[in-house]
Amino acid sequence: MAGGNDVSESTVRRWRDEMIALLAAQAPRLDRALKKIARQGGEAVLIDGTLVHTPRRTGKADRKNYSGKHRRHGLHFLALTDERGRVIWISAARPGRTHDITAACHDHILAHLRAAGLGALADLGFRGLDNDVVDPVIVTGYTASRTHKLTPGQKEANRVLSTGRGPVEHGFAHLKNWRILTKLRTDPAHATRFLRALLVLTNLEVKR
């Protein structure tokens, strides 16, 4: 681009970074995204975590980016989608070893959901995040143990929950259609802004 337009490479990089920053600034904040869903008559959102793969780097500092669950290096992002699977918010980038519950606590997901009057459907990775047995905000499935087998009712509840959470996977898949996310090579410090810019572009594409 620099050579074809007779400008310096540094100028092109500056234009690129400015455009990414402008797009990222348009990404919805968590509280506003939830309130918008509530105003539209929604009752629940879908929550999940995902790993964006990154190259393996040398040095001890990169060890925290290794995800034992995925057995790959990457950055962890927490995201919320509406019931149709459209990503409405994405968290800041965190090391790949970050647990979903840790990320949710850091972003005060429970407090924001209660403030908006919404519930959330989540997988078993979020089990234990919401211990309110009377009025739970985050609904997860049931787990079996060596001493406790799932009842037919619990198995059916897990099946219904899994079906209800299906759109969140489609939301992640749509976002990751960007080829650059196959293996994110940007500096992890800039990954949050970059992903939020792609989220804005993705939502604009969906609305077309």
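User: Which residue stands opposite Thr81 in β4?

Analyst: Thr81 stands opposite Val87 in β4. This is a predicted model, in which local features need pLDDT of at least 70 and side-chain atom pairs count only at pLDDT 80 or more, while totals for chains, interfaces and linings use all residues. Residues are numbered from 1 along each chain as its sequence is written, and side-chain values use heavy atoms, with hydrogens and water left out.

User: What makes β3 and β4 paired strands?

Analyst: Strands are DSSP runs of E with at least two residues, numbered from the N terminus, and two of them pair if DSSP finds at least two bridges between them. Three bridges join β3 to β4 (residues 87-90), so the pair meets that criterion, and the two run antiparallel. Their hairpin has five residues between the strands, among which Gly85 takes a positive phi near 95°.

User: Why is β3 called mostly covered?

Analyst: Buried means under 20% relative accessible area, exposed over 50%, and partly exposed in between, with a 1.4 Å probe and protein chains only. Nine of the 10 residues of β3 (residues 72-81) fall in the buried class, and the strand is therefore described as mostly covered.

Definitions and conventions. Helices (H or I, at least four residues) and strands (E, at least two) are DSSP runs, numbered from the N terminus.
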